[in-house]
Amino acid sequence: MEETVIKSTGTINPNLTNTGEESYSGLNLSIKRNAPGYFTRIFIRIWVNFHIAILALRAYASLKKTKIALGGLQEFKRKAFGKNGRRKFSVKNNQYWFGLYVPPFPSRNFDRLILTELNRYVPHSLPINAYQQVNFAITTKCPMRCEHCFEWDNLNLRETFSLSQLQEIVKKLQNNGLGHISLSGGEPLVRFEDMLELIKSGEKSTEWWVLTSGFNLTDQKAIQLKKAGATGIVISLDHHDPEINNKFRGHKDAFGHAVRAAEATVKAGLSLAISVCVTRENANREFLMNHTTLCESLGADFIQWLEPRAEGHFRDKEVMLQPDQITILEELFVEFNHDPKNNHFPPVMYHGYHQRRVGCMSGGKFSFYVDALGMVHSCPFCHSSDFKITDWLEIPKIGRKEITACKEF
């Protein structure tokens, strides 16, 4: 493995160059980020491709059907991830991670995902997931007042679900096949004890992620989450400049909470993803290079770029990115993920890229969102309010047709 070691003390200097040089200080970090070397990348890709081919042969017992299904999967990867469809990956706990919403390889959950995706091209009879990912807002409470908050209208109301209700809903989702569940809010750490019990009581076959601002995520809490069965933490950090970040998130120490949470996540052995809402003000090469460098210094395994949408606090505002800004994001998405000189950077997830090429994979296809009041939506950014999640407790089998698919893309 190639290792990038970051050690720094002092004060944070937000005025980075766009060369990607580490000029951060004040982070009090000494983090080793494992970046797979050249031969490791080749070996793992050969292993994964061979493994997927064996899964397909087992599912179809037919060379013709196997070829058609694998061809469909490869074409999808090429369109969705650019270049030849190869995905950059991170290494964590002796497993290989090809995406924030992709289970680690090797694992039974990874196999289940592949069988689910193959089934889209050529149906087979082996078990598949009803949904790969569900984003579940388990609380309305939040100490932040983020500019882009899509739960703005629901914040700090009475809680909708008791712990037992949460457990019942999650159990039903898992019984129907669920690869990944994201616990969000509000701020999910406000319900830390309930969240721990929810993860402990759930099936460990599902990857459990916590979407947080980092608020009060201490070393001890991160270790507790790891022991309970959590997979990783997605921390929102919207600017490399602490002052700008704090203003955007409406909290005087939002940056500090995020950085301390990132350090605690890495120490606990949890996977770390950093999520950023790329606004019109920030959709440029200099910002994205500086922010990516910060994510690397924090030991991130993944970076997630989100485009602003006119929902929640942004409703009825001119926040959508301009075409030239989208072009910049798409160019950098390909550069960060495919240019060998950027191998030290974490893989970048940019949903807008694949949405414009293969369509949205949220409601009705890949995932859906449950808001803090229990309403089911296509995704956090496309509110459809199709029905209340508790209605599913009275339905024998979960059906995809009940959720409105995103239509924007």
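Predicted model: local features only at pLDDT ≥ 70, side-chain atom pairs only at ≥ 80, totals over all residues.
Residues are numbered from 1 along each chain as its sequence is written, and side-chain values use heavy atoms, with hydrogens and water left out.

**Entry on β9.** I took helices (H or I, at least four residues) and strands (E, at least two) as DSSP runs numbered from the N terminus. Strand β9 covers residues 271–277, and seven of its seven residues are buried. I then checked its pairing, where two strands pair if DSSP finds at least two bridges between them. Strand β8 (residues 232–236) runs parallel to β9 over five bridges, with valine 234 opposite alanine 273. Strand β10 (residues 302–306) also pairs with β9 in the parallel sense over five bridges, and here isoleucine 274 faces isoleucine 303. With helix α9 (residues 285–297) between them in the unit, β9 and β10 make a right-handed β-α-β arrangement (with the strands pointing away from the viewer, the path from the first strand over the helix to the second runs clockwise).

**Entry on the sheet.** I traced an open sheet of 10 strands in the order β11-β10-β9-β8-β7-β6-β5-β12-β13-β14, with mixed pairing. β11 (348–350) and β14 (387–388) each have a single partner strand, so one side of each edge strand is left without a neighbour in the sheet. Further in my notes, strand β6 (residues 178–184) pairs in the parallel sense with strand β7 (residues 207–212) over four bridges, and isoleucine 181 has tryptophan 208 in β7 as its bridge partner.

**Entry on α4 and α5.** I found helix α4 (residues 163–175) packed against helix α5 (residues 192–201) at an angle of about 30 degrees, with the axes 10 Å apart (axes are lines fitted to C-alpha atoms, for helices over the stretch in contact, and angles run from 0 to 180 degrees between N-to-C directions). That makes α4 roughly parallel to α5 (angles under 35 degrees count as such). For contact (heavy atoms within 4.5 Å), I listed Leu163, Leu166, Gln167 and Val170 in α4, which meet Asp194, Glu197, Leu198 and Ser201 in α5.

Notes
Buried < 20%, exposed > 50% of the residue type's maximum accessible area, 1.4 Å probe, protein only. Parallel < 35°, antiparallel > 145°, perpendicular 65-115°, else oblique.
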